[in-house]
Amino acid sequence: MKDGKSTKVNSQLQHQNGHLPPFKLAKLFDPETSWDKDQLGDVLHWMRQSVALVCGLLWGSIPLVGGIWFILFLVISTTMVYGYYAMILKVDEEEFGGHGVLLQEGLFASITLFLLMWTLIYSLGHF
């Protein structure tokens, strides 16, 4: 019992001293976990970046061309982000500024990454 208390106190002291406690992967799928705006924003941002990377590599290597594939990427990316925060985490979106703020998190950076990877891989396949 004493070890559990000392661990909790050490974790709080590290957080107060400017050091963040270690991030646990299980927290990503626990609907009971409390999130602050920055933490959830970071998770949604990096989720969207990973989807952009995978889709860009896939679209470029197949090779797919046309605006429909860009729209499909946006639909996949937005659906995954919405499904994650609304269905898996079950957060109250109003606490974080509404659906618009959460769905927009990392959107423009992911579009850039997606287009960069798509065109790079596509152009490498045509040399």
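**View 1. R48, a buried arginine without a salt bridge.** Buried means under 20% relative accessible area, exposed over 50%, and partly exposed in between (1.4 Å probe, protein chains only). A salt bridge requires a side-chain nitrogen of Lys or Arg within 4 Å of a carboxyl oxygen of Asp or Glu. For charge, Lys and Arg count as positive and Asp and Glu as negative, while His and the chain ends are not counted. The model is predicted: local features need pLDDT of at least 70, side-chain atom pairs count only at pLDDT 80 or more, and totals for chains, interfaces and linings use all residues. Residues are numbered from 1 along each chain as its sequence is written, and side-chain values use heavy atoms, with hydrogens and water left out.

View 2. Helices are DSSP runs (H or I, at least four residues), numbered from the N terminus. Not counting residues up to four places away in sequence, R48 touches S77, T78, V81, L103, E105, G106, L107 and S110; contact means heavy atoms within 4.5 Å.

**View 3. L57, also a residue of helix 2.** L57 is partly exposed, because its relative accessible area is 34%. Neighbours within four places in sequence aside, L57 is in contact with M117 and I121. The C-alpha atoms of L57 and F114 lie 8.1 Å apart, with a sequence separation of 57 residues.

**View 4. F29 in the loop between helix 1 (2-16) and helix 2 (37-61).** F29 has 52% relative accessibility and therefore counts as exposed.

Key. Helix = DSSP H or I, 4+ residues; strand = E, 2+ residues; numbered from the N terminus.
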